[in-house]
Amino acid sequence: QVQLVESGGGLVQPGGSLRLSCAASGIMFSINDMGWYRQAPGAQRELVAVITSGGTTTYTDSVKGRFTISRDNAKNTVYLQMNSLKPEDTAVYYCNAIIRTVSRGVGTYWGPGTQVTVSS
């Protein structure tokens, strides 16, 4: 069974930095896109950044120039480096991956989420 597990969330002051990690485990044939979403209280879940298996990246406008998504294909891990954090970045951050398995074919998988709080 495929699982995604995030780590690296926490409390940080405005202007600070955090690095999120998400590792995929289980029996996988291949991992396609990997990404990060976030959901603030009372808001819908939104895309933060996505990276293809070839390394092409896409960011939502509000994080461009501050966040960097990367991946280590050998470790089945995706990262989100978050710099110059703002209070409006406060949310639960979810890892997402499009994974092909022998048993289920192509499916979308989610991590349980990690809380990021930006506050002084």
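Buried means under 20% relative accessible area, exposed means over 50%, and partly exposed is in between, taken with a 1.4 Å probe on protein chains only. This is a predicted model, in which local features need pLDDT of at least 70 and side-chain atom pairs count only at pLDDT 80 or more, while totals for chains, interfaces and linings use all residues. Residues are numbered from 1 along each chain as its sequence is written, and side-chain values use heavy atoms, with hydrogens and water left out.

**Stop 1: the sheet**

Show the model as a cartoon and look for the strands. Helices (H or I, at least four residues) and strands (E, at least two) are DSSP runs, numbered from the N terminus. Four strands form an open sheet in the order β1-β3-β8-β7, and the pairing is antiparallel. Two strands pair if DSSP finds at least two bridges between them. Strands of a sheet pair through backbone hydrogen bonds, either parallel or antiparallel.

Color β1 (3-7) and β7: these are the edge strands, each pairing on one side only. From one strand to the next, the twist averages 15°; for such angles, axes are lines fitted to C-alpha atoms (for helices, over the stretch in contact), and the angles run from 0 to 180 degrees between N-to-C directions.

Now select β3 and β8, which pair in the antiparallel sense over six bridges. Which residue of β8 is the bridge partner of L20? The partner is L80.

**Stop 2: the disulfide**

Select C22 and C95 and show their side chains. A disulfide joins these two residues, with an S to S distance of 2.0 Å; the term covers a pair of cysteine sulfur atoms within 2.5 Å. The structure holds one disulfide. The pair links distant parts of the chain, since C22 sits in strand β3 (residues 18-25) and C95 in strand β9, 73 residues apart. The angle about the S-S bond is -80°, and the link of C22 and C95 is left-handed.

Are the two cysteines buried or exposed? C22 is buried, with a relative accessible area of 0%, and C95 is also buried at 0%.

**Stop 3: T77**

Select T77, which has its place in strand β8. T77 has a relative accessible area of 8%, so this residue counts as buried. Show everything in contact with T77, where contact means heavy atoms within 4.5 Å. Not counting residues up to four places away in sequence, T77 touches C22, A23, M34, S70, R71 and D72. C22 in that list is the cysteine of the previous stop, joined to C95.

The backbone oxygen of K75 lies 2.8 Å from a polar atom of the side chain of T77.

**Stop 4: the salt bridges**

Side chains of opposite charge can pair when their charged atoms come close. A salt bridge is a side-chain nitrogen of Lys or Arg within 4 Å of a carboxyl oxygen of Asp or Glu. How many salt bridges does the structure hold? There are four.

Start with K64 and D61, whose closest N and O atoms are 2.9 Å apart. D61 has a relative accessible area of 61%, so D61 is exposed.

Go on to R38 and E46, a salt bridge with its closest N and O atoms 2.7 Å apart. R38 is buried at 5% relative accessibility, whereas E46 is partly exposed at 32%.

Then select R66 and D89. In their salt bridge the closest N and O atoms are 2.8 Å apart. This pair links distant parts of the chain: R66 is in the loop between β6 (57-59) and β7 (67-72), and D89 is in the loop between β8 (77-82) and β9 (91-101), 23 residues apart. Both R66 and D89 are buried. Keep R38, E46, R66 and D89 on screen together: salt bridges that share partners join them into one network.

**Stop 5**

Not counting residues up to four places away in sequence, R66 touches Q81, M82, N83, S84, L85, K86 and D89.

Finally, select S62, found in the loop between β6 and β7. S62 is partly exposed at 40% relative accessibility. The backbone oxygen of S62 lies 2.9 Å from a polar atom of the side chain of R66. S62 and D89 are 27 residues apart in sequence and 9.1 Å apart in space, C-alpha to C-alpha.

Notes:
A polar contact is a pair of N or O atoms within 3.5 Å; within protein, one must be able to donate a hydrogen and the other to accept it, and residues adjacent in sequence count only if both atoms are side-chain atoms.
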